[in-house]
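Hi,

Here is the structure I promised to pass on. Have a look at it first, and then read my notes below.

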Amino acid sequence: MRMSESKSAKQKTPVVEVVAELAMQLGQRYLADYGATRSRHDFTQRQLMTCLILRVYLKTTYRGVLDLLAASSNLRERMGLAEKLPHFTTLQKFSARSQVLAIAQQMMADIAQRVAGPAPKETIAAMDATGLSRSTVSDYFCSRRGRRFRKWVKVATVVLTGSLLPVALAVDLKPTHDCVQARSLLAQTQAVIRPDKLLADAGYDAEWIHVQCREQWGVTTIIPAVQRRSDGTRGGHWRAQMTTEYLQQHGYTRRWAVETFFSALKRTMGSALSARRPDQMVAEAALKVLAYTLRR
């Protein structure tokens with residue numbers, strides 16, 4: 001290896017420091033410095049938010065992320081924590097009382113807008129949902145114990161198929177029909193970008209989604225229609241057009257981009273949540289998606 005190559009390799013910034021720096025930059029736009037005027041003002045809200053993001057990114061505990069910060073002067077410098085670190089209970093309380101989900105949604109929308117740049121010839125978005133386990137106990141162990149169903153937290157998102165960046169996020173504490181989160185996802189996406197096409201699986205088969213996207217938003221929806229009538233017909237003006245040939249002609253296969261996003265998310269950030277309180281489960285699930293987005 002040449003000397004210049006060795007020097008550049010040593011100077012390469014670790015990914016965890018990049019994630020921390022981006023989190024601090026974005027947090028400045030969406031978080032006030034302090035949550036209360038009469039607080040001690042030891043730590044800013046974006047410093048605490050960045051600690052929570054690093055905790056999820058590193059798949060560790062509140063104590064664990066503080067131990068890492070104590071051992072890394074570079075991380076502390078990037079976060080402005082050179083003199084003092086928060087107590088682990090401070091991070092725990094902040095994750096419970098702050099609007100973590102709303103902040104994560106705003107940050108992801110900001111990232112998507114910055115990275116997207118000039119609109120390409122065709123912008124395609126894909127909408128889908130996945131589940132994050134509430135326990136680290138394996139499915140195999142549960143099946144051996146005779147448990148066929150285990151509760152999980154539902155995470156729904158809209159992903160741009162070109163960049164695999166999420167532009168919308170919804171979190172539910174229990175399995176629900178996909179259409180329950182659809183209104184929130186569409187509203188968030190509409191505030192960020194207007195894609196040419198929106199792809200989704202049959203879980204989002206509803207005439208009102210077609211009407212809202214096509215007639216009110218000007219976005220072409222490509223969603224397989226579920227046959228619910230005995231005569232084989234499909235109700236609804238737009239649902240009736242969702243034939244197999246129509247789906248193939250309009251690139252429905254690109255919907256797999258959102259499946260790729262979820263697969264990479266779980267492989268990188270883990271598929272299980274360590275939180276036990278409902279509000280902190282929602283926060284951790286949202287932070288997993290945000291931390292993975294910052295990493296990319």
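To start with a definition: the span you expect of a helix is 1.5 Å times one less than its number of residues. Keep in mind that this is a predicted model.

With 16 residues, H2 should span 22 Å, and its end C-alpha atoms are 23 Å apart, which agrees. Which residues of H2 are buried? They are Val16, Glu17, Val19, Ala20, Ala23, Met24, Leu26 and Gly27.

Is Gly35 buried or exposed? Its relative accessibility is 64%, so Gly35 counts as exposed, since the cut-off for that is over 50%. Gly35 and Gln45 are ten residues apart along the chain, and 6.9 Å separates their C-alpha atoms.

H13 is mostly covered, with 15 of its 18 residues buried.

H13 (residues 278-295) also packs against helix H12 (residues 256-269), at an angle of about 95° and with the axes 10 Å apart. That angle makes the two helices roughly perpendicular, because anything from 65 to 115 degrees counts as such. On the H12 side, the contact is made by Phe261, Ala264, Leu265, Thr268 and Met269, while H13 brings Lys288, Val289, Ala291, Tyr292 and Arg295. Sorted by class, that contact has seven nonpolar, one polar and two charged residues.

Then there is the inside of the protein. The largest nonpolar core has 66 residues, and the members touching the most others are Met49, Ile53, Leu54 and Leu290. Which helix gives the most to this core? H13 does, with eleven residues. If you click on Met49 and skip its neighbours within four places in sequence, you'll see contacts with Leu31, Phe94, Val100, Ile103, Met107, Leu287 and Leu290. Another core, of 25 residues, lies apart from that one and includes Ala112, Val158, Ala168 and Val192.

Finally, the overall picture. The protein chain has 13 helices and five strands, and 47% of its 296 residues count as buried. Among contacts between residues at least 6 apart in sequence, 66% join residues at least 24 apart.

Conventions. Residues are numbered from 1 along each chain as its sequence is written. This is a predicted model: local features need pLDDT of at least 70, side-chain atom pairs count only at pLDDT 80 or more; totals for chains, interfaces and linings use all residues. Side-chain values use heavy atoms; hydrogens and water are left out. Axes are lines fitted to C-alpha atoms, for helices over the stretch in contact, and angles run from 0 to 180 degrees between N-to-C directions. Helices (H or I, at least four residues) and strands (E, at least two) are DSSP runs, numbered from the N terminus. Angles under 35 degrees count as roughly parallel, over 145 as roughly antiparallel, 65 to 115 as roughly perpendicular and the rest as oblique. Contact means heavy atoms within 4.5 Å. Ala, Val, Leu, Ile, Met, Phe, Trp, Tyr, Cys and Pro count as nonpolar, Asp, Glu, Lys and Arg as charged, and the others, Gly among them, as polar. Buried means under 20% relative accessible area, exposed over 50%, partly exposed in between (1.4 Å probe, protein chains only). A nonpolar core is a set of buried Ala, Val, Leu, Ile, Met, Phe, Trp, Tyr and Cys residues joined through side-chain atoms within 4.5 Å.
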